[in-house]
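Q: I would like to learn how to read a few features of a protein model. Could you take me through them one at a time?

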Amino acid sequence: MNRQRLLIITLLLLAVLGFYVSGAHTFFTLETLQTYRSDFQAAFQQSPWQVAGIFFAVYVVMTTLSLPGATLLTLLGGALFGLGWGLLIISFASTIGATLAFLLSRFLFRQPIEKRFPRQFDTVNRGVDKDGAFYLFTLRLVPIFPFFMINLVMGLTRLKTVTFYWVSQLGMLPGTVVYVNAGGQLGELESLGGIISPGLLASFALLAVFPWIARRIALQVQKRNAYRGFKRPSRFDYDIVVIGGGSAGLVTSYIGSAVKAKVALVEKHKMGGDCLNTGCVPSKALIRAAHAAHEVRTAHRFGVNASEPEIDFTKVMGHVHQAITDIEPHDSIERYTKLGVEVYQEHATLTSPWEINIGDKTLTARHIVLATGARPRIPPLPGIEHAPLLTSENLWSLTELPKRLVVLGGGAIGCELSQSFARLGSQVTLVEGIPQLLGREDQDVGEHVERTLTQEGVNVMTGANALEVSQDGPGHQLVVEHNGQRTTIEFDYLLVSVGRQANVEGLGLEALGITTTNTGTLELNERLQTRLPNIWACGDLAGPYQLTHAAAHQAWHAAVNALFGELKSFAVDYRFMPAVTYIQPEVARVGLNEKEAIAKGVAFEVTRYAMSESDRAIAEGATEGFIKVLTVPGKDKILGATIVAENAGEWLGEFTIAMKHGLGLNKLLGTIHPYPTLGEAAKATAGVWKNAHKPERILTLLERYFRWRRGAEK
């Protein structure tokens, strides 16, 4: 705690202590006010402005310091000033004092408490952002909630000060009216309990519910306005129509059919989407072939002598396509038809919120789920339209290994394919515009990946700005600005991996008023609804992650919310989303890294474990890499874990489960891991944390105890 906070807390404690030591608290009783009521009124008659000013200041101070007596002061104000002026003075004095208490609580306590409980407060603040004004208004209207507690608790949230002020002013007004009015009969009051009757409490409770009722009405009005101009069918062909047969669409269809809803799936291209046909499956098959070549090339490390591997690129691509063929039945029309899903291989266009045109047929559905995915984004470089261009879509049609390959983009896909093609024998140059590879990861991770690729022969150019594509005779060149100089890179193929853009065109969304974000994904709420409540989206079309498992996670929410949302709906939780970059060694992460924690203002400690300490890694000759775990300062609660190691994605799940279920590093340390395995490094990392947080005082006492037991200390 800094000196400024400590000074303010000290002053506040002294003020509160002085209030009680001086006996001032004994003044704020009903009997005292009744006894001196005539004296107060006489003073007010003699000096009205002075008395009113002193009363206002005392009320503000009492409320700011959360001292008892505000209720009695309100009664006194009613007796002195009457209902009109009393209400005006007390309403503003109480709101100003409450706001000052709110700000004091925020300044003194919010930051340390947020640091201690970051995830809990992140959830609270998301709720406050959405419904904070409603919650506060409800609490203010019901007198059973102590107002001083409301001030202090709300100060810990990120509710805007101006919102706190006006909601408090409005919400406290009914209660203030009651107490100020009661002040007119101050002499006849026998107890404070007589002011608030059960009937009045019930009235306040009903008044508190009113904003929620009004909100429901407003939502219904908004819903009716959204559907204005469209005629809802009297009956529907399907409960859900899913547009898109990729990962998100397939999972949505599967869940719908599993709960016996009537489901239609519309896919105009191949079933399985990008993951099966152009993404996860073919890329991992290519990576495996490249890994085999690398193993042969480096087998001498283990005393196995082999010549330079001979790459038959046709057979490599044959392996890739065979992997696709072998997995196709999992995503096939036949399988989903057997599950009860009606599959249409057509282009779909929405003609109303409930109607989808496919060819010469119109389908009607209570709910529509959009899962049309995304495609590679092509940057607007001059001359790029004339270049031999590769993307993750057409890469798999190659029949010959590119001799000179330039990869534009140093994200996960760019790094994976750069390493793979270099291992297969291509001369690869990787161009990235920002200063590091894998820009979302920490700098040390990016540096490790760059060092690995460079050692394997990839020419890595970070901080390089691509300017244009030029052509000199039959050859092509990429012109970049790097380290202040223009450089020309010759290539046979240019592989573009600079991101993906959502497939929103041709669906009829504009006519329905469904909008997109500045990143091109659909504008959705946290439950994956568009502005039309019965139209949902998931997968790459929805963002923010373009990962197959993220698409499946969203698909569950889209399906369940669509089918059962009238009873219970679920917001998508992205807190424990794992991600893996499949280079060697792999980069796997879940939760926060240092870069994100700093950006969000989350306090953290870092525990590192070098894979060179792992017995299995030593035996495998895979000692490159490390584990980095972020924890709450002084606690074993895991905020995030990054693994740079062989097969890191296979054992990242241990950290993901631990975070999901609130298990700390102590629990990992107390779990038996098989020896020797790479995954044992997770336990070893927990051991490093434990060693750094060992109880030195207790250990000192134990040392003295054992010395005494040995008779070495009398």
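A: Patches are made of residues with over 30% relative accessible area and no salt bridge, where like charges are joined within 9 Å and nonpolar side chains (Val, Leu, Ile, Met, Phe, Trp, Tyr) within 5 Å. Helices (H or I, at least four residues) and strands (E, at least two) are DSSP runs, numbered from the N terminus. A word on the source: this is a predicted model, in which local features need pLDDT of at least 70 and side-chain atom pairs count only at pLDDT 80 or more, while totals for chains, interfaces and linings use all residues. Residues are numbered from 1 along each chain as its sequence is written, and side-chain values use heavy atoms, with hydrogens and water left out.

Q: Which helix gives the most residues to the nonpolar patch?

A: Helix 8 does, with 3 residues. The patch on the surface is formed by Leu 83, Val 162, Trp 166, Leu 170, Leu 173 and Val 177, and together they have about 530 Å² of accessible area (Shrake-Rupley method with a 1.4 Å probe; for residues, only the protein chains shown count as cover). Two elements give two or more residues to it: helix 8 (161–171) and helix 9 (173–183).

Q: Is Val 177 buried or partly exposed?

A: First the scale: buried means under 20% relative accessible area, exposed over 50%, and partly exposed in between (1.4 Å probe, protein chains only). Val 177 sits in helix 9 and is partly exposed, at 32%.

Q: How many salt bridges are there?

A: Here is the idea: side chains of opposite charge can pair when their charged atoms come close. The rule asks for a side-chain nitrogen of Lys or Arg within 4 Å of a carboxyl oxygen of Asp or Glu, and the count comes to 20. One of them joins Glu 456 to Arg 423, with the closest N and O atoms 2.7 Å apart. Glu 456 lies in the loop between helix 17 (443–455) and strand 11 (459–462) and Arg 423 in helix 16 (residues 412–424), so this pair ties together parts that are 33 residues apart in sequence. Glu 456 is partly exposed at 22%, and Arg 423 is buried at 5%.

Q: Which residue does Asp 444 meet in a salt bridge?

A: Its partner is Lys 628, at 3.0 Å from N to O. The two are 184 residues apart, with Asp 444 in helix 17 and Lys 628 in strand 21 (residues 626–631). Asp 444 is partly exposed at 21%, whereas Lys 628 is buried at 1%. Both belong to a network of salt bridges that also links Asp 442, Glu 594 and Arg 608.

Q: How many residues does the largest nonpolar core have?

A: A nonpolar core is a set of buried Ala, Val, Leu, Ile, Met, Phe, Trp, Tyr and Cys residues joined through side-chain atoms within 4.5 Å. The largest has 37 residues, and Leu 286, Cys 415, Phe 421, Val 449 and Leu 453 have the most contacts inside it. Helix 14 (313–327) is among the elements that each supply at least two residues, and helix 14 gives the most, with 6.

Q: What is Leu 286 in contact with?

A: Contact means heavy atoms within 4.5 Å. Leaving aside neighbours within four places in sequence, the partners of Leu 286 are Val 316, Val 320, Trp 396, Leu 417, Ser 420, Phe 421 and Leu 424.
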